[in-house]
Amino acid sequence: MSVPFSFEVFPPRKDMPVDVIYNTLDQLSDLEPEFISVTCGAGGSSANAGARMLEVASAIKNKYNRRSVAHLPCINLSRDEVADMLIELDRADIHDILALRGDRVPNVEPKEDFPHAADLIRFIRQQTERKFKVYAACYPEVHTEAPDFDTDLKHLKEKVDAGVDGLITQLFFDNNSFYYFRDRARAIGIDVPIEAGIMPVTKKQQVERMVNICGATLPIKFRRILDKYGDNDDALREAGIVYALNQIVDLLANGVEGIHLYVMNNVYVARRISETVKYLL
Ligand code: FAD
């Protein structure tokens with residue numbers, strides 16, 4: 001059976017018309033990913049993020065006829081707001097959710113209904129039973145707020161037990177961290193599929209930002225690439241594609257159950273990687 005290969009996109013900024021993303025979606029859907037997921041307020045932005053996410057996720061499903069996964073961060077939502085969103089998603093024929101706690105929004109006091117993603121997952125299951133396929137996030141290199149690996153893994157097990165169908169990892173650049181995490185997860189009975197989140201790096205600032213946000217470790221060979229090509233956009237983009245492909249080949253050879261590509265709305269990069277990956281799945 002073929003391994004799922006999916007993309008993640010983000011909606012246009014709120015001051016841009018939503019249809020600026022249609023050209024991107026058009027080309028991404030031609031690459032026939034298993035699904036396209038849509039971020040919602042990632043990085044802690046905007047009050048109206050849910051509506052934007054829904055618009056884009058709905059276009060993926062209803063305009064481009066692809067499976068669409070809606071990211072649903074809960075930290076700033078009440079139960080009623082989540083219940084309304086579930087109705088909207090069902091109406092738009094979207095039945096795949098990535099259930100998240102969400103990034104904290106600066107100067108916004110979180111609501112109290114869903115302190116953790118597990119609370120959201122329990123709520124989705126209570127309200128809608130198995131109507132939605134529910135994914136959740138996991139962190140091979142440990143979530144930045146967790147005190148240690150074992151505590152984070154224990155919380156992940158609770159989250160999975162709340163009713164998760166599959167996990168998608170935070171991006172990582174060293175496959176060994178993924179293999180260690182996967183072995184430890186399996187050892188404590190986390191048995192749902194774990195899809196590996198891979199981000200092809202195209203800009204030096206992008207790496208610096210990602211390392212700050214999610215604490216990804218940069219292996220020495222990756223640092224050398226940044227040192228050599230960091231000031232040359234074309235060279236770094238090509239090196240980033242090759243690096244991501246090497247990661248993917250190794251993951252597939254080691255039995256990964258899915259590859260989720262953080263394409264950052266970059267069609268060129270998605271196409272280049274898809275052209276090779278389609279022979280490997
Ligand atoms: P949780 O599973 O709730 O975990 C958060 C922290 O709480 C962890 O440290 C965990 O160990 C701890 N914890 C969990 N349960 C308990 C408990 N019972 N008691 C004490 N501590 C506990 N963010 C967005 O805002 N929008 C997006 O679209 C988005 N997309 C993402 C996609 C992917 C694939 C990934 C990996 C992340 C994404 N994020 C997004 C980021 C995510 O929201 C943040 O990493 C957030 O800080 C944690 O979300 P979570 O769902 O993993 O939280």
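**Bridges, helices and a patch**

Mentor: Let's start with Lys61 and Asp93, whose side chains meet in a salt bridge, at 3.5 Å from N to O.

Trainee: What makes that contact a salt bridge?

Mentor: The term needs a side-chain nitrogen of Lys or Arg within 4 Å of a carboxyl oxygen of Asp or Glu. Lys61 sits in helix H2 (residues 49-62) and Asp93 in the loop between H3 and S4, so the bridge ties together parts that are 32 residues apart in sequence. By this rule, the count comes to 19 salt bridges.

Trainee: What should I know about the model itself?

Mentor: It is a predicted model, in which local features need pLDDT of at least 70 and side-chain atom pairs count only at pLDDT 80 or more, while totals for chains, interfaces and linings use all residues. Residues are numbered from 1 along each chain as its sequence is written, and side-chain values use heavy atoms, with hydrogens and water left out.

Trainee: Why is Lys61 called partly exposed?

Mentor: Buried means under 20% relative accessible area, exposed means over 50%, and partly exposed is in between (1.4 Å probe, protein chains only). Lys61 has 23%, so it counts as partly exposed. Asp93, with 36%, is partly exposed too.

Trainee: And what about Arg13 and Asp15, which meet in a salt bridge: buried or exposed?

Mentor: Arg13 has a relative accessible area of 56%, so it is exposed. Asp15 also comes out at 56%, so it is exposed as well. Their N to O distance is 3.2 Å.

Trainee: How do you know that Arg184 and Asp150 form a salt bridge?

Mentor: Their closest N and O atoms are 2.4 Å apart. The pair links distant parts of the chain, with Arg184 in helix H6 (residues 175-187) and Asp150 in helix H5, 34 residues apart. Salt bridges also link Asp234, Arg237, Glu238 and Arg272 in a network.

Trainee: What makes a stretch a helix here?

Mentor: Helices are DSSP runs of H or I with at least four residues, strands are runs of E with at least two, and both are numbered from the N terminus. Helix H4 (residues 117-128) has twelve residues.

Trainee: How do you know that the buried residues of H7 line one face?

Mentor: In H7 (residues 204-214), the buried ones are Gln206, Val207, Met210 and Cys214. Seen down the axis, they fall within an arc of 100 degrees, so they line one face of the helix. That arc is taken from the directions from the helix axis to the C-beta atoms. On the other side, Gln205 and Asn212 are exposed. The buried residues of H7 pack against helix H8 (220-229), where contact means heavy atoms within 4.5 Å.

Trainee: Why is Tyr279 called exposed?

Mentor: At 66% relative accessibility, Tyr279 counts as exposed. With Val249 and Leu280, Tyr279 makes a nonpolar surface patch of about 320 Å².

Trainee: What makes a patch?

Mentor: Its residues have over 30% relative accessible area and no salt bridge; nonpolar side chains (Val, Leu, Ile, Met, Phe, Trp, Tyr) are joined within 5 Å, like charges within 9 Å. The areas come from the Shrake-Rupley method with a 1.4 Å probe; for residues, only the protein chains shown count as cover.

Technical notes:
The expected span of a helix is 1.5 Å times one less than its number of residues.
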